[in-house]
Amino acid sequence: MRADWQYRTSFVLFLLGQALVAGLDFAVIAVIFSRVDVLAGWSALEVAVLYGTSGVSFGLGDLFVSQVERVATHIRAGTFDLFLLRPIGPLVQLSGAEFALRRIGRMVQPLVVLCIALPRVDVTWGLVEVALVPVTVLSGAVIFGAIWVLTSSVAFWLVDTQEVANAFTYGGSAVTAFPLDVLGGWLRRIVTFAVPLAFVSYVPVARLLGKPPPLGLPEPAAFAAPAVATVLALVARQVWRVAIRHHRSTGS
Amino acid sequence: MSLLELDRVEKSFTVSVRAGRIRRERRLVRAVAGVSLTVEEGAMVGYIGPNGAGKSTTIKMLTGILVPSAGTVRVAGLDPTRSRIDVARRIGVVFGQRSQLWWDLPLADSFSLLRHIHRVPADRYRHNLGAFCELLAMDDLLAVPVRQLSLGQRMRGELAAALLHDPAILFLDEPTIGLDPVAKDAVRSFLVEINEERGTTVVLTTHDLADVERLCDRLVIIDRGQLIEDSTVQSIRQRYGTERTLVVDLEAPVPPLTIPGAEVVRVDGPRQWLRFRRADLTATELLQRVAARAAVRDLTVEEPAIEDIVRAIYRGNPSGP
């Protein structure tokens, strides 16, 4: 963090780069909607809300938790041992040691999209709807964070796992920007029940926009995101603990 | 209750070994195979053994980095696996080959980060930092980024960093590795000081027997995962380190000298290596006998290396695996 400030120009350029990459993501959506008006029953503006919430969730997770994917590097270098010698959880230390404020850039663009799209979609704003937005964003961030921890835990058994982790996290962020009903049957079931990406944005945002619960889920599922996030976070914590017990350290 | 207790502790690793082109064989390696050991408060213990003997693995189990495969480990009565964070508050650790300081930050910033991590009270922190700066002559180093410190300077920083939170036990894994004699001496004096003044228990692994001789009242030797010796340094030296070597540079090359009580093991031009036993004659006696036969320009006495002693002890202990 302090090191970031040593190189201010590079910091600003990085922020711009991040925003540009995020902008390209959004361009993909724009291109799709230049061809079709409605995607799986969702209009362009509605998809923008979906993109915005999942993007902000991902950005939050990226800012605070994605650092755990560096655990593989620390294990290989033997520096993970040092984390275990300090009276603070290694997860917190990893998050702090690799904290990069510049990653906030990834969050700015979806946030802007969200702020533009939200007032324009057709929503009757009640208490529930108002509360649903921050709850969805935070639950989504926790779900992404838990997935990061889970996939990074694999590093304790296998050495190089970053690509596996990326498939779930970056892949997940790409998937959740779209109405998941565009996916094929089995893939749809995976992202609903196995890796609950559907709860990051799709299911709660559908409720927000007054759509029937998608993916064949019952009505209350729309509010299940915090529960799903909590369960996933607890599972992730347990797996992480088991993983640390399997830590083998390095020679010397 | 002893400060450290190990009871029949084991640690096994599975390693994959290539066997044939594709096939891999999984083999179980017992790095530590049943070690029982207790250390009392205030002790200074040298823990030695050849590379791969299980020293570091034992230290890592004591510090909560590795979970034992079997047996129990207790540090101040706590299980380092279950109560890792509580144990972390009570121990200080220095790995000679791995820095716990922040590479890009000045030494003072590393200390201040550690102060927050360990939640050291402000006055305690000031007091300790002051004391360490004085003992280790570290005042000029505080503003220097860690990566610009020499190894000896960094090691002084590591020692202070490990002790800021007043740990009851200090673990040192090869603290003098790669240091010059002056820096080694600074480290050793400091360790003696904190052991005497603060009553800190010190457990150190090393390959430098001089560390152990200078510091430790007790020497524990491990080989192939098992303890093979546990006694004082003097007694071990006398029992096993019996052979020394006198290296003499003569004025001119001569055929190997024949001297009763010593044996020439190597000749290189005017330089000759004479092996002799401590019990048979002293270095001075041997030198007199050599000088009587040839003009000596220079000389050194080589003590048996720790590896040699360990090997000798191992040979004398066929009970090993």
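Q: Why are H8(A) and H12(A) called roughly parallel to each other?
A: In this predicted model, the axes of helix H8 (residues 127-153) and helix H12 (residues 225-245) of chain A cross at roughly 20° and come within 8 Å. Angles under 35 degrees count as roughly parallel, over 145 as roughly antiparallel, 65 to 115 as roughly perpendicular and the rest as oblique. H8(A) and H12(A) are therefore roughly parallel. Axes here are lines fitted to C-alpha atoms over the stretch in contact, with angles from 0 to 180 degrees between N-to-C directions.

Q: What is the handedness of the crossing in which H8(A) passes H12(A)?
A: The crossing is left-handed. That term applies if the near helix is turned anticlockwise from the far one by less than a right angle; clockwise gives right-handed.

Q: Which residues make the contact?
A: On H8(A) they include A:Val135, A:Ser139, A:Ile143 and A:Leu150. Among those on H12(A) are A:Pro226, A:Leu232 and A:Trp240. Two residues are in contact if their C-beta atoms, placed from the backbone, lie within 7 Å.

Q: What makes up the contact of H8(A) with H12(A) by class?
A: It has 16 nonpolar, three polar and no charged residues. Ala, Val, Leu, Ile, Met, Phe, Trp, Tyr, Cys and Pro count as nonpolar, Asp, Glu, Lys and Arg as charged, and the others, Gly among them, as polar.

Q: How many residues of chain A are in contact with chain B?
A: 14 residues of chain A are in contact with 19 residues of chain B. Helix H5 (residues 80-84) gives the most to the chain A side, with three residues. By class, that side has six nonpolar, four polar and four charged residues.

Q: How many helices and strands does chain A have?
A: Chain A has twelve helices and two strands, whereas chain B has ten helices and 13 strands. Both are DSSP runs numbered from the N terminus: helices are H or I of at least four residues, strands E of at least two.

Q: What share of chain A counts as buried?
A: Of its 252 residues, 40% are buried; for the 321 residues of chain B the figure is 39%. A residue is buried if 20 or more other C-beta atoms lie within 10 Å of its own, exposed if 12 or fewer, and partly exposed in between.

Q: Which domains does the assignment give for chain B?
A: It gives domain 1 (4-238) and domain 2 (244-303), and their C-alpha centres lie 39 Å apart. The bounds come from an automatic or database domain assignment.

Q: How are residues and chains labelled?
A: Residues are numbered from 1 along each chain as its sequence is written, and chains are lettered from A and ligands numbered from 1 in the order in which they are written. Local features need pLDDT of at least 70 and side-chain atom pairs count only at pLDDT 80 or more, while totals for chains, interfaces and linings use all residues.
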